[in-house]
Amino acid sequence: MSEAPGPREPEDLASAWYVRLQSPELPASERIEFRRWLDADPRHSQAFSDVERLWQGLRQPARQLGASGWYRAPSRLAGMRRPLIGALLLALLMTLWSESARAPHGANPSSAHKVHSGQP
């Protein structure tokens, strides 16, 4: 039997808080909750400072990596989306047409598969 998870480390909570605080829609009540968490233990403040420093240290490398705009380039499949959907729909329609052509016309589908015993 597994044990219940223990309390999360301050670093994990600091990371979660940092990400949440980036949202402009974060309600004031959560910002107050963050402030209480921060003031509750000096380790919280230190952990949050460390996380903040880490994220700020990543800004410049992220700018350099994103400068070329590689993440905005359309994928090779983007231009094939409509033809691919059309081909799939055509295959589906052909399958349905083929199945309907095989079914006996005017026959009751439930009686088409009955086995007759030869008795009246």
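How many residues does helix α3 have, and how far does α3 reach from its first C-alpha to its last? In this predicted model, helix α3 covers residues 42-66, which gives it 25 residues, and it reaches 36 Å from its first C-alpha to its last, close to the 36 Å expected at 1.5 Å a residue.

## The overall plan

The protein has four helices and zero strands, and from the N terminus on its elements run α-α-α-α. Of the 120 residues in the protein, buried residues make up 13%. Among the contacts with a separation of 6 or more, residues 24 or more positions apart account for 50%.

Although the span of α3 is close to the expected value, the helix has a kink of about 30° at Arg59, shortly before the proline Pro61. The buried residues of α3 are His44, Ala47, Phe48, Val51 and Gly66, and these buried residues pack against α1 (10-21) and α2 (28-40).

Is Asp41 buried or exposed? Its relative accessible area is 16%, and because buried means under 20%, Asp41 counts as buried. At the start of α3, a side-chain oxygen of Asp41 reaches to within 2.8 Å of the backbone nitrogen of Arg43.

His44 has its place in helix α3 and is buried as well, with a relative accessible area of 12%. Leaving aside residues up to four places away in sequence, His44 touches Pro10, Trp37 and Leu38. Pro10 is one of the buried residues of α1, while Trp37 and Leu38 both belong to the largest nonpolar core.

## Helix α1 and its buried face

Helix α1 has 12 residues and reaches 16 Å from its first C-alpha to its last, close to the 16 Å expected at 1.5 Å a residue. Its buried residues are Pro10, Ala14, Trp17, Tyr18 and Leu21. Seen down the axis of α1, these buried residues fall within an arc of 100°, so they line one face of the helix. What covers the buried residues of α1 includes α2 and α3.

One of these buried residues, Tyr18, touches Phe48, Val51, Glu52, Trp55 and Arg59, when residues up to four places away in sequence are not counted. Arg59, in this list of contacts, is also where the kink in α3 lies.

## The largest nonpolar core

Which residues make up the largest nonpolar core? This core has 11 residues in all, namely Ala14, Trp17, Tyr18, Leu21, Leu26, Phe34, Trp37, Leu38, Ala47, Phe48 and Val51. Helices α1, α2 and α3 each supply at least two residues of this core, and α1 gives the most to it, with four residues.

| Pair | Apart in sequence | C-alpha to C-alpha distance |
|---|---|---|
| Ser15 and Phe48 | 33 residues | 7.1 Å |
| Ala16 and Val51 | 35 residues | 9.6 Å |
| Leu54 and Ser15 | 39 residues | 9.9 Å |

Ser15 lies in helix α1 and is partly exposed, with a relative accessible area of 31%. Ala16 also lies in helix α1, and it is partly exposed too, with a relative accessible area of 29%.

Notes
Residues are numbered from 1 along each chain as its sequence is written. This is a predicted model: local features need pLDDT of at least 70, side-chain atom pairs count only at pLDDT 80 or more; totals for chains, interfaces and linings use all residues. Side-chain values use heavy atoms; hydrogens and water are left out. The expected span of a helix is 1.5 Å times one less than its number of residues. The bend at a residue is the angle between axes fitted to the seven residues ending there and the seven starting there. Buried means under 20% relative accessible area, exposed over 50%, partly exposed in between (1.4 Å probe, protein chains only). Contact means heavy atoms within 4.5 Å. A polar contact is a pair of N or O atoms within 3.5 Å; within protein, one must be able to donate a hydrogen and the other to accept it, and residues adjacent in sequence count only if both atoms are side-chain atoms. A nonpolar core is a set of buried Ala, Val, Leu, Ile, Met, Phe, Trp, Tyr and Cys residues joined through side-chain atoms within 4.5 Å. The arc is that of the directions from the helix axis to the C-beta atoms.
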